[in-house]
Amino acid sequence: MNYWCELAWLPPGEVVQGVLIRVDGQRIAEVLPGVAEPPAGAVRLAGLTLPGFANAHSHAFHRALRGSTQAEKGSFWTWREQMYRVAGSLGPDSYYTLAKAVYAEMVLAGVTCVGEFHYLHHQPDGTPYDDPNAMGHALIRAAREAGLRIALLDTCYLAGGVGMPLAGPQVRFGDGDAERWAVRTERLAADYAGAADVVVGAAVHSVRAVPPEQMPVVAEYSHHHAVPLHVHVSEQRAENAACVEMYAASPVQVLHEHGVLGPRSSAVHATHLSDVDLALLGQSGTHVCMCPTTERDLADGVGKARAAHDAGSPITLGTDSHAMIDMFEEARAVELDERLATEQRGHWTAAELLTAGTSAGQASLGYPDAGTLIPGAWADLVSVRLDSVRTAGASPATAAESVVFAATAADVHSVVSGGRRVVAEGRHALGEIGPLLSAAINSI
């Protein structure tokens with residue numbers, strides 16, 4: 001299949017006019033700039049075509065909370081209690097139905113790969129399903145049907161807080177210890193060995209949920225299989241305080257001491273970091289995944305994304321709790337939130353923010369050959385309107401800035417994911433996604 005792009009964002013971060021992209025199977029076969037008109041048989045992609053976005057941090061079941069948590073005051077900790085109620089209500093079938101609709105919403109927003117931070121493992125009473133990975137299989141099936149790749153970040157979750165046992169809805173998250181987590185996760189990985197569209201990665205939920213002595217088992221799984229290792233880090237000040245009180249070290253220091261940091265690792269949120277923390281993350285090459293729409297929704301704070309990047313940490317983006325699913329909003333919020341915190345403008349260029357949402361995010365999920373429009377890369381093409389009320393007036397010279405700082409997910413009109421055109425004229429191949437989401441959420 002051939003696609004002719006009116007404008008395309010090509011390496012090293014330039015907008016080029018008249019680009020013909022030839023796709024062979026799941027990969028880009030050829031990229032030809034300077035083609036003035038679409039050749040016969042080529043699909044015309046209007047506006048600006050970007051590589052596919054990576055949503056590097058997702059909890060699919062959190063989507064059911066959108067709107068319902070906005071009617072009262074509180075904090076992350078009060079929000080968490082509502083989240084637990086949803087977590088306790090899902091089984092493999094209902095989770096598949098919900099996740100398929102959520103992932104389809106992501107595809108409509110230009111996401112072609114999702115990092116699913118998955119800890120909803122067992123039955124509500126903590127008993128494993130007949131297939132102990134039934135919930136993971138449901139998520140993978142949902143991603144495939146929605147039309148995106150998945151890095152299933154199977155999460156080790158063993159404690160209800162620093163020094164506290166799992167309780168209530170949390171019991172379904174736990175495997176007992178990291179060794180039993182590893183046995184279950186190895187079985188899941190074996191089921192998808194050789195699957196190009198699935199990475200079974202690993203996650204340490206947080207220093208709150210995994211005692212330090214258990215962390216090396218999870219790190220070893222990541223190293224042995226050469227797969228991503230993600231972890232929630234310093235999302236709230238209370239988490240930092242509890243960690244320092246118990247271990248006389250910050251969460252980043254604990255993770256460093258137990259082998260969790262490194263170039264395959266991602267520190268998610270990383271909101272409240274010291275200079276020492278920034279140095280440890282940067283020197284180890286650990287990615288930092290910013291989720292600003294969730295961080296502001298839960299009143300967590302504004303992370304030091306620029307400082308982390310300058311220290312050596314590649315920055316990626318995630319929608320986390322899905323207060324909204326819009327990668328443009330995540331990207332520009334990294335810059336705009338930092339403007340509010342510093343009272344200065346111009347911390348990030350549009351090209352840097354697009355890189356965070358595309359190639360850096362894809363690499364952090366185990367797809368280093370995605371997120372860029374070059375021969376041999378995954379054929380992920382996301383086309384954005386430049387004639388909507390938000391983007392009208394954009395020129396080739398300002399197209400990247402226009403989409404990063406003004407476009408929304410509603411401006412995505414075409415998505416090719418792994419060579420398959422999943423969205424055309426703003427419509428997903430599954431049909432209307434709003435009714436699918438409503439039905440899934442209302443059934444919980």
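## Around helix 8

Helix 7 (251-257), strand 10 (265-269), strand 11 (287-290) and helix 10 (305-311) are among the elements covering the buried residues of helix 8, where contact means heavy atoms within 4.5 Å. Those buried residues of helix 8 (275-284) are Asp-277, Leu-278, Leu-280, Leu-281 and Gly-282; buried means under 20% relative accessible area (1.4 Å probe, protein chains only). Helices (H or I, at least four residues) and strands (E, at least two) are DSSP runs, numbered from the N terminus.

This is a predicted model, with local features needing pLDDT of at least 70 and side-chain atom pairs counting only at pLDDT 80 or more, while totals for chains, interfaces and linings use all residues. Residues are numbered from 1 along each chain as its sequence is written, and side-chain values use heavy atoms, leaving out hydrogens and water.

Eight strands make an open, parallel sheet, running 5-6-7-8-9-10-11-12; strands pair if DSSP finds at least two bridges between them. Strand 5 (53-58) and strand 12 (315-317) sit at the edges, each pairing on one side only.

Nine aromatic pairs turn up across the whole structure. Rings of Phe, Tyr and Trp (its six-membered ring) pair with centres within 6.5 Å; planes under 30 degrees apart are stacked, over 60 edge-to-face, the rest tilted. Tyr-119 and Tyr-157 have ring centres 5.3 Å apart and planes at 50 degrees, so they're a tilted pair. Both Tyr-119 and Tyr-157 are buried. Tyr-157 and Phe-173 are tilted too, because their planes are at 55 degrees, with centres 4.8 Å apart. Ring pairs link Phe-61, Tyr-84, Tyr-95, Tyr-119, Tyr-157 and Phe-173 into a cluster.

Notes
Buried means under 20% relative accessible area, exposed over 50%, partly exposed in between (1.4 Å probe, protein chains only).
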